[in-house]
Amino acid sequence: MKPAPFDYAKPSTLEEAFDLLEAHGEDARVVAGGQSLLATLNMRLSAPSILVDISGLEALRGISAGSNVLRIGALTTHTELIASEEAARAAPLLRKAAVHIAHPAIRNRGTFGGSLAHADPAAEYPACVVALDATLEISGRDGSRRVAAAEFFHGLYETDLKPGELLAAVEVPVLQDGFRSGFGEFARRAGDFAMSALAAHGRFDGDEVHDLRLVYAGVDIRPVRANRAEAVLAGKAITRELVAEARSRLAEDLNPTDDLQAGGATKLLLSGVLLERVLSDMAGAR
Amino acid sequence: MDPVREITVTVNGERLTARVEPRKSLVDFLREDVGLTGSHVGCEQGICGACTIRLDGTIVRGCLTLAVQADGAEVWTVEGLSDSAEIAALQEAFQERNALQCGYCTPGMLLTAAALLRDNAAPTRPQIREYLSGNYCRCTGYQAIVDAIESAASQMKGAGS
């Protein structure tokens, strides 16, 4: 056994979960799939006195698509999300991204909500939910509140979640006519953390792209939008020359620092390659 | 004093009840408490795949799952899948193709390969490599492992038709 001793509780209702989180405060850690947390416990980077296992909370489970909104319960595993035809139709970006997450054995347990709440800077979903302009539903003792994805990620592993709150679900706008998504990632090996990843979403009118969002992961402490590159492309037809011009602005949008995966200069270079590949895929898709 | 929880797990078809510390991983529980040492412990941080086991029908990391989280679940290890002959074709192909050298990664490779072949009866070599990307062989015998899985797949396909 590697972790320091801890107690364990598995509430069956949200109320019980809130009671436990209130009673134990900062000594408690929430666990769902545990695919990031258990590794940090094994390495003793984290030593909570109790784990509150929310995996039995039915209220946080399931995927449902309405006419305007796709609702994804926080406990949805990566494998379930990849397999969901509803999600693939309503938000194809998510499947494109999820296949880059780790390996099958980890995708079977790791959860959508867990990845967002953990907010690893190299994780795929945070960039996706920002690109899709999704809304995160947060449950607390006093009810639930909704936060735009762009406001949720505060910093390195830091989110808008307050002590005692749980991420319950995410609402993603259903893909409308003309909209297309693209995703690309560079990692050292399949399933490794991203050196750079790009989630892109926009509306095509003929060859012209509108409302484009380019959101990078793995290059900063949180997902980062490439505003200047987006501005170059806004309302114009995607051509090789235009994409090259957008790429030349990336150095102003992104300022990647060195990490274990790659140096900052490499990350910037790879981010440019991703921009060209992802936009070319999106422009080619009909 | 460390807390203890009682769990009931069905391991390789046999239902058993045990008292475990919450911090005990599922793979440590299987090895130390149940005595099934076929599932191996490698990195204990989810990287190497040596601890791969089947939990409620899907493969998981035994080091990133707590024994208490398996309460009420059905677990299969390499021992059970050997006895049931479910992975016999894979085991034979691993032997024939020299797909194990030190053998440390082999139980995890077999469990992962079995999961792949249930999803996809005729995987291509790139598909095999990608599915196995989370299982490390430090003898670096990957070519032979991919050969073995490819050969087991074609043999199982032949046997099934």
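With 13 C-beta neighbours inside 10 Å, B:Asn98 counts as partly exposed; a residue is called buried if 20 or more other C-beta atoms lie within 10 Å of its own, exposed if 12 or fewer, and partly exposed in between, with C-beta atoms placed from the backbone. The model is a predicted one, in which local features need pLDDT of at least 70 and side-chain atom pairs count only at pLDDT 80 or more, while totals for chains, interfaces and linings use all residues. Residues are numbered from 1 along each chain as its sequence is written, and chains are lettered from A and ligands numbered from 1 in the order in which they are written.

B:Asn98 has a positive phi of about 60 degrees, although it is not a glycine. B:Asn98 sits in the loop between helix 3 and helix 4 of chain B; helices (H or I, at least four residues) and strands (E, at least two) are DSSP runs, numbered from the N terminus. Axes here are lines fitted to C-alpha atoms, for helices over the stretch in contact, and angles run from 0 to 180 degrees between N-to-C directions. On the helix 3 side of chain B, the contact is made by B:Leu90, B:Gln91 and B:Phe94, and helix 4 of chain B brings B:Thr106, B:Leu110, B:Ala113 and B:Ala114; contact is taken as C-beta atoms, placed from the backbone, lying within 7 Å.

Chain A has a positive phi of its own to show at A:Ala102, near 45 degrees in a residue other than glycine. A:Ala102 belongs to the loop between helix 5 (92-98) and helix 6 of chain A, and is buried, with 23 other C-beta atoms within 10 Å. Helix 8 (residues 124-131) of chain A has 8 of its 8 residues buried, so it is largely enclosed by the rest of the structure. Among them are A:Tyr125, A:Cys128 and A:Val130. Just after helix 8 of chain A, A:Asp133 takes a positive phi of about 55 degrees.

Next comes the sheet. In chain A, 5 strands form an open sheet in the order 4-5-10-6-7, with antiparallel pairing; two strands pair if DSSP finds at least two bridges between them. Its edges are strand 4 (63-65) and strand 7 (143-148) of chain A, each pairing on one side only. From one strand to the next, the twist averages 20 degrees. Strand 6 (residues 135-140) of chain A runs antiparallel to strand 7 of chain A over 6 bridges, and A:Thr135 stands opposite A:Ala148 in strand 7 of chain A.

Further along chain A, helix 11 (residues 240-248) and helix 13 (residues 264-284) pack at about 150 degrees, their axes 9 Å apart. The two helices of chain A are therefore roughly antiparallel to each other. From helix 11 of chain A, A:Val243, A:Ala246 and A:Arg247 meet A:Gly272, A:Leu275, A:Glu276 and A:Leu279 in helix 13 of chain A.

Finally, the contact between the chains takes 25 residues from chain A and 28 residues from chain B.

How values were computed:
Angles under 35 degrees count as roughly parallel, over 145 as roughly antiparallel, 65 to 115 as roughly perpendicular and the rest as oblique. Two residues are in contact if their C-beta atoms, placed from the backbone, lie within 7 Å.
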